[in-house]
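Good morning, and thank you for making time for this item. Please look at the sequence and the model first.

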Amino acid sequence: MICNKCKTETVKNAKFCHNCGEKILLENKTVNPMDWADTEYESGEKLWELAKSGDAKAQKKLGDCYANGDYDEDNTDENFDPCKEAVKWYKKSAQQGYAPAQFAMGECYNYGDGVKYDETEAVNWYRKAAEQGYVQAQYELADCLSIGITDEKEAAKWYKKAAEQGYVEAMFSYGDCLMDGEGVKQNMAEAVIWYRKAAKLGNTIAMVKLGDCYMYGNGVEPDVETAMKWYQNAIDKDDTVAMVRLGDCCMEGRVMTKNEEKGLMLYQKAAKANKKFAMLRLGDYYSRKENKNEALGWYKKAADSEDVTAMLKLGDYYVKLGEKDKAIECYKKAAQHR
């Protein structure tokens, strides 16, 4: 099925597009019981008139205009705050029960846009939209419950609801719940099913997770060849985690013929994308090869980003080199950033 709004391919029988949240009919036509999509307006004046008259969709659209900077700056004073103005219109719309506006209010509180950051308020607004079936709100609500206001059981429930509507990020997140037994009974085999669904829709995080399942036999029989295939699929989409995973396999020679040249190339490619974990792998590699300059170079580059793990690694390497004063300095910096 193809979403009429953004033309993204969705899973079979999806109720919502996983990319834009648009509601979909089985006959592949957009349906808007509350008119989920933004209404086209003849002019800014028309939009303004409808919003002032209490039209919830117009109020949400007007809020979007302010949030996106699509307004006439010449008619505003120097103290005008477009984010606060956006919140004002989102709230008017949300209070009428319009789910996209309720979701927008959740986003504002979650990211502190136009209002003071307030996770409790964000959850309240996300929940209002989620209970009406708004898929993006279901996912964001689950994230808040999983990461901040910890309620693993309810988080898993909302991840599942969003996943069943075809929302890709929710698919692998619900897979994580099943894999780790967070909020639901552990079921690795079912987790693999959800990872595969998301991976087939092109999500590289799910591809790597699926590769890990086949590599280590989590929920499936171990199958190195299939694991490598999923890692490579993710690499083809420039996923740096997959690069390091496959690089590790090449370096270790544990499940394939040892190939340090290929492993080094994969680490370097990920490091060029500014990934600290790849820089640390390169530091470790050159440390084993007793190439002091290269090892220090990569450890320092990773530590320059104030990454605590990198600072500790750099300190450990200075200890190995017998440069204790420099090691202590690294450990102090790491302690300050914990």
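Is Y174 buried or exposed? Y174 has a relative accessibility of 4%, so it counts as buried; buried means under 20% relative accessible area, exposed over 50%, and partly exposed in between, with a 1.4 Å probe and protein chains only.

A word on the basis. This is a predicted model, in which local features need pLDDT of at least 70 and side-chain atom pairs count only at pLDDT 80 or more, while totals for chains, interfaces and linings use all residues. Residues are numbered from 1 along each chain as its sequence is written, and side-chain values use heavy atoms, with hydrogens and water left out.

Let me turn to the rings. Searching the whole structure gives nine aromatic pairs. Rings of Phe, Tyr and Trp (the six-membered ring for Trp) pair if their centres lie within 6.5 Å; planes under 30 degrees apart count as stacked, over 60 as edge-to-face, and the rest as tilted. For Y174 and W194, the centres are 5.8 Å apart and the planes stand at 80°, so this pair is edge-to-face. Y174 belongs to helix α8 (residues 168–180) and W194 to helix α9 (residues 188–200), 20 residues apart. Helices here are DSSP runs of H or I with at least four residues, numbered from the N terminus. W194 is also buried, at a relative accessible area of 10%.

A charge meets that ring as well: K197 lies over the face of W194, 5.4 Å from the ring centre. The criterion is NZ of Lys or CZ of Arg within 6 Å of the ring centre and within 35 degrees of the ring normal. Likewise, the charged end of K161 sits over the ring of W158, at 5.8 Å from its centre.

A further pair, Y299 with Y317, is tilted, with 5.5 Å between centres and 55° between planes. Since Y299 lies in helix α15 and Y317 in helix α16, the pair ties together parts 18 residues apart in sequence. Y299 is buried at 4% relative accessibility, and Y317 at 6%.

That brings us to α15 itself. Its buried residues are A295, L296, W298, Y299, A302 and A303.

Methods: Helix = DSSP H or I, 4+ residues; strand = E, 2+ residues; numbered from the N terminus.
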